[in-house]
Amino acid sequence: MSKTLDASGVGGSETPNLDFDGTTPYEDYVQADVLTHLQHLRSDDPGEMVFLVTTQVMELWFTVIVHEWETAAKALREDRIQVAMDALKRSLRELEALNASWRPLAQLTPGQFNAYRAALGEGSGFQSAMYRRMEFLLGEKSASMLVPHRGAPRVHAELEKALHEPSLYDEVLRLLARRGLPVPEAVLNRDLSQRYEPSPEVEAVWTGLYAAPDDNETVDLHRLGEVLTDVAELVWRWRNDHLVATRRAMGAKTGTGGSAGVTWLEKRATKNVFPELWTARSYV
Ligand code: HEM
């Protein structure tokens with residue numbers, strides 16, 4: 001049973017309900033109490049809180065973006081291009097919000113980061129399973145990325161499933177083939193658990209689509225190409241913002257995850273997402 005009270009405690013129909021039998025309906029839906037008690041700090045440094053929460057916030061954005069890209073991949077499989085476009089466009093705004101969440105960490109000094117770095121132990125974003133699912137959906141597959149998750153059966157099973165499923169880009173290329181464009185069989189039947197390797201024939205397909213952006217037959221595919229390019233650019237920006245924040249916070253030290261640190265991240269950041277969408281531009 002719930003009552004309605006105004007600010008003076010007198011009943012009124014235009015003020016929020018204050019009285020609930022159990023937890024509030026807001027709590028039942030949002031689980032804010034769970035979410036706001038997941039900040040188990042490991043040091044006394046007051047700067048650790050924003051580091052942990054920024055990381056958690058990014059994990060939530062990864063989760064939303066994976067949801068959008070899985071929605072888009074499924075819709076493409078079913079030739080529902082508008083549904084895929086809607087999901088991809090939502091993901092652009094979400095990627096912008098994800099990237100904006102670097103702000104509180106973008107100017108960390110080595111001294112500030114050192115104040116809680118040791119408390120992280122061997123913990124590293126490299127071990128983020130949801131980030132890995134994003135990379136898998138983009139075509140950056142690698143079975144070795146499952147190894148760190150052997151001790152977490154659910155996470156491992158989800159990642160293994162994602163490893164063997166077509167990526168978002170695989171679904172795009174299959175759609176292009178169904179629409180009569182000459183995507184090679186070797187690309188369509190590739191081993192899905194391997195990293196996507198660029199193909200000159202796929203580059204030629206995109207070149208053709210970009211050369212005739214207003215062609216009635218393929219205008220939707222050209223638009224799809226542009227949204228995917230926007231996705232690729234925003235992912236690249238996330239990687240670069242991460243790289244610069246890391247360079248500011250720890251210079252050339254090795255990472256908590258055991259990599260060479262900045263030089264390793266530099267190599268990761270140069271990988272082109274949806275490679276032929278970039279290289280085709282030279283030939284249009
Ligand atoms: C300024 C603070 C940060 C520093 C200094 C930093 C440093 C590093 C380093 C050195 C690596 C390479 C792996 C290793 O040896 O650890 C790495 C990887 C990674 N970090 Fe961070 N990181 C920071 C913040 C974050 C945040 C907030 C996230 C959000 C989840 C994050 C997510 C990742 C991911 C996903 C990778 C793996 C990238 C890939 O596989 O290409 N990092 N980080």
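What share of the contacts in the chain with a separation of 6 or more comes from residues 24 or more positions apart? Such residues account for 66% of those contacts, where contact means heavy atoms within 4.5 Å.

This is a predicted model, in which local features need pLDDT of at least 70 and side-chain atom pairs count only at pLDDT 80 or more, while totals for chains, interfaces and linings use all residues. Residues are numbered from 1 along each chain as its sequence is written, and side-chain values use heavy atoms, with hydrogens and water left out.

The chain holds 13 helices and zero strands, these being DSSP runs numbered from the N terminus (H or I and at least four residues for helices, E and at least two for strands). Its C-alpha atoms fill a box of roughly 70 × 55 × 35 Å along the principal axes, and of its 284 residues 41% count as buried, that is, under 20% relative accessible area with a 1.4 Å probe and protein chains only.

Helix α3 (residues 48-77) meets α8 with axes that come within 9 Å and cross at roughly 20 degrees, the axes being lines fitted to C-alpha atoms over the stretch in contact, with angles running from 0 to 180 degrees between N-to-C directions. The two helices are therefore roughly parallel to each other, a term for angles under 35 degrees, whereas angles over 145 count as roughly antiparallel. The contact involves Trp69, Ala72, Ala73, Leu76 and Arg77 of α3 together with Leu168, Glu171, Val172, Leu175 and Arg178 of α8.

α3 also packs against helix α4 (residues 81-100), at an angle of about 165 degrees and with the axes 8 Å apart, and α3 and α4 are therefore roughly antiparallel to each other. Residues of α3 in this contact include Met58, Trp61, Phe62 and Trp69, and those of α4 include Val83, Ala87, Arg90 and Leu95.

Finally, there is the iron atom of the ligand, whose only protein donor is His242, through NE2 at 2.1 Å. Donors are N, O and S atoms within 2.8 Å of the metal (3.2 Å for Na, K and Ca), and sites may look incomplete because water is not among the atoms. His242 has its place in helix α11, residues 219-250.

Note on methods: Angles under 35 degrees count as roughly parallel, over 145 as roughly antiparallel, 65 to 115 as roughly perpendicular and the rest as oblique. Buried means under 20% relative accessible area, exposed over 50%, partly exposed in between (1.4 Å probe, protein chains only).
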